[in-house]
Amino acid sequence: MATKISRVRRCFHCGAILQTIDKSEKGYIDEKTINMYDNNALLYCNNCYNDLRNYNSSQVLNPVESEVINILKDANATDAFIIWVVDLFSFNGNLPKEVVKMVKHLKVSVVGTKRDLFSQYIDDDVFIRYLNERFKASGIKPYSVRLFGNEDEINAPQLMEAINIARQGHDVYLIGSLTSGKTSLINRMMKNFENKSKWHITIDEYPGTNVKVLTVPLSNSSFFYELPGFENNDSILNKIEKSNTKYLTPRKKVSVTTKFLNEHDALMVGNLATFTLQKGVQTTVRFYAAEDVEIKKTKSSHIDEINAENIRRRFIRPVSDRFTHFSDYDVFSFEVEDDEKVHDISIQGLGWFSFIGKGQTFFVSLPKGVAVKECPGKIR
């Protein structure tokens with residue numbers, strides 16, 4: 001049985017968790033009413049609705065820029081070779097569906113960057129397996145998977161030889177999110193690049209679009225294109241103040257904090273997220289994040305009180321002034337299977353919680369519009 005994930009729906013006015021069982025309890029809403037709207041709708045419980053007589057709804061959409069998709073249509077039409085770069089720290093398995101649709105029938109090589117943020121005692125095969133699994137789950141079977149650290153020297157002639165063998169005379173398109181590290185990667189590749197064609201290396205608008213693309217000639221008839229990065233609209237880094245992003249970006253090794261949770265114990269990550277063991281046996285939870293991110297263990301019943309105090313006193317970092325009310329957050333429920341395997345629940349741009357699946361139910365609260373995903377453990 002796969003993990004069952006659902007949004008915990010709350011009254012948009014009073015914050016009570018919506019329920020359809022007991023009219024006398026907080027959060028009661030007619031079953032017919034709640035079934036009329038999808039999970040992105042913001043609903044009121046019966047009591048609040050009777051007072052306010054108003055509904056509101058919204059939906060979070062994070063499309064990839066249309067011009068990037070148009071460029072990838074060319075890649076698809078010419079049977080190009082794709083190099084997809086991902087940041088090993090922030091990648092949680094989410095891949096833009098529009099991009100997957102464009103490239104899933106092409107030869108795709110995956111590159112994981114920022115390997116040096118993790119301990120050297122973790123075998124590279126751990127990350128290679130993880131990337132293979134996550135891409136295959138999205139419908140892409142990688143042709144190859146490579147890992148690079150931020151400071152790794154790149155043997156450009158050797159790498160270009162491998163690319164030339166793989167592309168078989170076709171064009172190459174380098175893609176990835178804005179924070180994937182692909183620009184750093186190609187800058188290191190270009191240091192020792194030999195241009196043996198009649199064309200120049202250019203940075204110019206891709207034909208038929210308004211976006212600038214680095215174009216590197218591979219021969220007189222084929223080219224290497226570095227596309228603009230995908231927007232990280234569903235990352236917490238796009239939701240907080242710029243002054244706070246420094247706390248979430250690892251500068252050294254990724255920090256690992258271990259906590260033991262009993263039922264109704266919760267971990268607060270600044271005021272950016274909470275992770276609660278809502279139901280289940282005592283569980284060891286490891287939280288992976290940047291070294292400046294702080295967490296506090298508490299009871300779920302104390303979260304609102306501590307969160308309000310933290311916003312005033314800032315004793316658990318980071319604290320964002322953009323999230324001060326329950327309506328600023330989404331709450332998701334994860335019913336994990338009892339398989340004794342390592343599971344991760346990742347929050348895009350923040351880090352991930354890792355644990356052994358024993359049939360637990362976890363509640364995860366995070367700012368609206370931030371992606372959260374459960375998948376097999378990145379580090380096992």
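Before the first entry, a definition I kept at hand: a cavity is a set of grid points where a 1.4 Å probe fits but cannot get out, and its volume is the space filled by probe spheres set on those points. I also reminded myself that the model is predicted.

**Entry 1: the cavity**

How many cavities of 30 Å³ or more does the count give? I found one. The largest cavity holds about 30 Å³ of space. I listed its lining as Phe 89, Ser 90, Asn 92, Ser 346, Ile 347, Gly 349, Leu 350, Gly 351 and Trp 352. Strand 17 (342-347) and strand 18 (351-356) each supply at least two residues of that lining. Sorting the lining residues of the largest cavity by type, I got four nonpolar, five polar and no charged.

Next I looked up the second largest pocket, which has about 820 Å³ of space. Its lining is made of 30 residues, and those nearest its centre are Arg 10, Ser 300, Ile 303, Asp 304 and Val 331. Strand 13 (273-279), helix 9 (303-313), strand 16 and strand 19 (361-367) are the elements that give two or more residues to this lining. Which element has the largest share of the lining of the second largest pocket? Helix 9 does, with five residues. By type, I noted 15 nonpolar, twelve polar and three charged residues in the lining of the second largest pocket.

**Entry 2: helix 6**

I checked the length of helix 6 (residues 156-167). Its twelve residues, at 1.5 Å a residue, should span 16 Å, and the end C-alpha atoms are 16 Å apart, which agrees. The expected span comes out this way because it is 1.5 Å times one less than the number of residues.

Which residues of helix 6 are buried? I wrote down Ala 156, Leu 159, Met 160, Ile 163, Ala 166 and Arg 167. Seen down the axis of helix 6, these buried residues fall within an arc of 120 degrees, so they line one face of the helix.

On the face of helix 6 turned away from the buried side, I found the exposed residues Pro 157, Gln 158, Glu 161 and Ile 165. Gln 158 has a relative accessible area of 54%, and is exposed because that is over the 50% cut-off. I also took one distance: Gln 158 and Asn 232 are 74 residues apart in sequence and 32 Å apart in space, C-alpha to C-alpha.

What covers the buried residues of helix 6? The cover includes strand 4 (81-87), strand 5 (107-113), strand 6 (144-147), strand 7 (172-176), helix 7 (182-190) and strand 10 (223-226).

**Entry 3: helix 7**

Helix 7 came up in that cover, and I turned to it next. In helix 7, I found Lys 182, Leu 185, Ile 186, Arg 188 and Met 189 buried. Down the axis of helix 7, these residues fall within an arc of 160 degrees, so they line one face of the helix. Their cover includes strand 4, strand 5, helix 6, strand 7, strand 9 (212-217) and strand 10.

**Entry 4: Tyr 329**

Leaving aside neighbours within four places in sequence, I found Tyr 329 in contact with Asn 271, Leu 272, Asn 307, Phe 323, Ser 365, Leu 366, Pro 367 and Lys 368. Tyr 329 and Phe 362 are 33 residues apart in sequence, and their C-alpha atoms are 16 Å apart in space.

**Entry 5: backbone angles**

I finished with the backbone. A cis peptide bond joins Arg 317 and Pro 318, with omega about -5 degrees. Pro 318 sits in the loop between helix 9 and strand 16.

Arg 314 is found in the loop between helix 9 and strand 16 too. Its phi is near 55 degrees, a positive value in a residue other than glycine. Arg 314 is partly exposed, at a relative accessible area of 38%.

Asp 79 is not a glycine either, yet I read a positive phi of about 55 degrees for it. Asp 79 lies in the loop between helix 3 (66-77) and strand 4, and is partly exposed with a relative accessible area of 41%.

Methods
Residues are numbered from 1 along each chain as its sequence is written. This is a predicted model: local features need pLDDT of at least 70, side-chain atom pairs count only at pLDDT 80 or more; totals for chains, interfaces and linings use all residues. Side-chain values use heavy atoms; hydrogens and water are left out. On a 1 Å grid over the protein atoms alone, a cavity is a set of points where a 1.4 Å probe fits but cannot get out, and a pocket is an open set with protein on both sides within 12 Å along at least five of seven lines; lining residues have an atom within 4 Å of a point. Helices (H or I, at least four residues) and strands (E, at least two) are DSSP runs, numbered from the N terminus. Ala, Val, Leu, Ile, Met, Phe, Trp, Tyr, Cys and Pro count as nonpolar, Asp, Glu, Lys and Arg as charged, and the others, Gly among them, as polar. Buried means under 20% relative accessible area, exposed over 50%, partly exposed in between (1.4 Å probe, protein chains only). The arc is that of the directions from the helix axis to the C-beta atoms. Contact means heavy atoms within 4.5 Å.
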